[in-house]
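Hi,

Here is the structure I promised to pass on. Have a look, and then read on for my notes.

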Amino acid sequence: MASSTFPENINNNPIAKPERKRVRSAFSDVLKRSQRLYARQLEGKTTRQLVLEHASIEGVSETTGWEDWNRVKVWNNEDWEKDRENLLPRLQAMRIRLFNKAVKKGQLQTAAQILDSLGKVIGESIETVNIQAPELSIRVEPKN
């Protein structure tokens with residue numbers, strides 16, 4: 001009766017695992033799998049978590065998951081090189097929107113931090129402010 005409730009393998013050994021054949025993925029499948037990992041990288045997880053979950057979800061080995069991650073890293077570097085020139089104007093626009101929202105909500109400390117950040121971008125630094133400020137010196141003379 002016990003043998004009828006458990007599936008048996010070819011060798012009539014219920015413990016033995018069936019042989020798995022290694023199947024190579026087509027390039028388009030590898031590309032799509034890597035693109036799914038690329039899309040998931042902004043979930044806030046560590047690289048190791050992403051790769052292990054990716055391997056589990058996609059049904060591939062951990063080694064293959066790391067190969068997919070290496071492909072994603074190359075894409076990230078390409079994106080950075082392409083977007084580097086446009087990044088400063090985009091950041092400035094985001095800072096200004098954030099400043100307006102902070103002021104509207106009365107979050108003045110946040111607004112002040114954003115103004116400091118904007119000032120640094122245009123070259124207003126502590127050193128610049130200190131150079132333009134007058135220097136005061138106080139001397140105490142001894143009593144006679």
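How many helices and how many strands does the protein chain have? It has six helices and zero strands, where helices (H or I, at least four residues) and strands (E, at least two) are DSSP runs numbered from the N terminus. Along the sequence the pattern therefore reads α-α-α-α-α-α.

A word on conventions before the details. This is a predicted model, in which local features need pLDDT of at least 70 and side-chain atom pairs count only at pLDDT 80 or more, while totals for chains, interfaces and linings use all residues. Residues are numbered from 1 along each chain as its sequence is written, and side-chain values use heavy atoms, with hydrogens and water left out.

**Overall numbers**

Of the 144 residues in the protein chain, 15% are buried; buried means under 20% relative accessible area, exposed over 50%, and partly exposed in between (1.4 Å probe, protein chains only). Taking contacts (heavy atoms within 4.5 Å) between residues at least 6 apart in sequence, 40% join residues at least 24 apart.

**Helix packing**

α4 (residues 62-104) packs with both α2 and α3, as the next two pairs show. The axes of α2 and α4 come within 9 Å and cross at roughly 70°. Axes here are lines fitted to C-alpha atoms, for helices over the stretch in contact, and angles run from 0 to 180 degrees between N-to-C directions. α2 and α4 are therefore roughly perpendicular to each other, given that angles under 35 degrees count as roughly parallel, over 145 as roughly antiparallel, 65 to 115 as roughly perpendicular and the rest as oblique.

For α3 (47-58) and α4, the axes are 8 Å apart and the angle is about 120°, which makes α3 oblique to α4. This crossing is right-handed too. Leu50, Val51 and Ala55 are among the α3 residues involved, and Trp66 and Trp69 are among those of α4. Here the division is six nonpolar, three polar and three charged.

**The loop between α2 and α3**

Gln41 lies in the loop between α2 (27-40) and α3. Is Gln41 buried or exposed? With a relative accessible area of 17%, Gln41 is buried. Leaving aside its neighbours within four places in sequence, Gln41 is in contact with Leu50, Trp69, Val72 and Asn76.

**Salt bridges**

The whole structure holds eight salt bridges, each a side-chain nitrogen of Lys or Arg within 4 Å of a carboxyl oxygen of Asp or Glu. One network of them links Arg40, Glu43, Lys45 and Glu53:

- Arg40 to Glu43, 3.5 Å, N to O
- Glu43 to Lys45, 3.6 Å, N to O
- Lys45 to Glu53, 2.7 Å, N to O

Glu43 is partly exposed at 43%, as are Lys45 at 32% and Glu53 at 28%.

Enjoy exploring it!

Note on methods:
A crossing is left-handed if the near helix is turned anticlockwise from the far one by less than a right angle, and right-handed if clockwise. Ala, Val, Leu, Ile, Met, Phe, Trp, Tyr, Cys and Pro count as nonpolar, Asp, Glu, Lys and Arg as charged, and the others, Gly among them, as polar.
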